[in-house]
Every structure is written in C-alpha cells, then in structure tokens.
Amino acid sequence: MITRYAVATDAIIAALQATPNMVDVFDGSPTPGFDPYEAVYIGWTGGEDDDTAGTISQEYHDTGIGAKRDETLSIDFVVQSVRGDDDMALARSRTVEILGLVESTIRATPALGIDGVVYVDVSAGSVRQVRNADGIGVQITGSISVTSII
C-alpha cells in the first residue's frame, strides 16, 4: 500500500468545504493577487517562501512478507482573518472561531472515511498578528496529523 497523503489531504479539504458556516477552503497556498479576508488553506505553512505542504513518516508495524507499516502524516494548514480596520481582538476571535470549525469537523470524521486510518487530530502551532496600512490580520498555523496502518 502506498502513502495515504493524497487521499487524506483530499478528504480533509472535502470535509471542510462541506462544513456549514465554513469560510473558503483552499488546496495549497493563496493565488498571488487573490487573498480573501477569511480562509483556510490546507497544505500550506503560511510562509511566503516555504512551499512545504506536510510530511510523511513510515515505520514497519511488523515483519515478514506483507508486513504492514505505521504511517503518520502531518498536513500543514493556515486559518486566517484579515480586516480593513484596526480591531485586532475581533480578528483574533474570528480566527479562533474558524479554527474551532476545523477542529470540530475533523473530530466528527475521525477516520476520514479511509480504510486503515486509525485517527486524525488537529494541533495548532503558532499565531501571527499583523498590522499595516491596509488594516490588521491574524493567522493561526498548525498541522493535521493522520495516523494509519498501511
């Protein structure tokens, strides 16, 4: 069995896009020149010069012919809220609210409908707050871990 990275990423995007009240969900980094005010990016670290989308780790689960492997995927994501005003508290609260939708969706679909997936978990990593002449913005970056036996 090959890695579950592609199918897991696709399942996460589909689940999030089907979530009621979810903001726009994108596969990968933003398109240059198009930056929606509120969005979730799956497969992006938030760095302008970093194209990393995630990681794949595999170790043998047992030995012999047909031995299975434990696989752990880490799929990077960014949640953002950008405002044209100076209300950082509102942008921060809204970004956390969007992160809550991501977490709730992932918890509601623990195996993503994929054979062999044992569990899926969200871990937020860092918060970035920006203030400039165009307004303010808050980003929360993190990763979605997918553990499976393949």
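Me: Which strand gives the largest share of the lining of the largest pocket?
Reply: The model is predicted, and its largest pocket holds about 500 Å³ of space. Among the 21 residues that line this pocket, those closest to its centre are Asp35, Gln80, Val82, Arg128 and Gln139. Two or more lining residues come from each of strand 4, strand 5 and strand 6. The largest share, five residues, belongs to strand 6.

Me: Over how many bridges do strand 5 and strand 6 pair?
Reply: Strand 5 covers residues 117-132 and strand 6 covers residues 135-149. A hairpin of two residues joins strand 5 to strand 6. The two strands pair in the antiparallel sense, and the number of bridges is 14.

Me: Which residue in strand 6 is the bridge partner of aspartate 121?
Reply: Strand 6 pairs with strand 5 in the antiparallel sense. For aspartate 121, the bridge partner in strand 6 is serine 145.

Me: Which side chain of opposite charge is nearest to aspartate 76, and how far away is it?
Reply: Aspartate 76 lies in strand 4, which spans residues 69-83. Leaving aside neighbours within four places in sequence, its contacts include Tyr41, Trp44, Thr52, Gly142 and Ser143. Aspartate 76 is buried yet has no salt bridge, because such a bridge needs a side-chain nitrogen of Lys or Arg within 4 Å of a carboxyl oxygen. The nearest side chain of opposite charge is 15 Å away, and it belongs to arginine 128.

Technical notes
Residues numbered from 1 in each chain as written. Predicted model: local features only at pLDDT ≥ 70, side-chain atom pairs only at ≥ 80, totals over all residues. Heavy atoms only, no water. Pairing = 2+ DSSP bridges. Helix = DSSP H or I, 4+ residues; strand = E, 2+ residues; numbered from the N terminus. Buried < 20%, exposed > 50% of the residue type's maximum accessible area, 1.4 Å probe, protein only. Lys, Arg positive; Asp, Glu negative; His and termini not counted. Contact = heavy atoms within 4.5 Å. 1 Å grid on protein atoms, 1.4 Å probe; cavity = no way out; pocket = protein on both sides within 12 Å on 5 of 7 lines; lining within 4 Å. Points joined across faces, edges and corners; volume = space filled by probe spheres on them.
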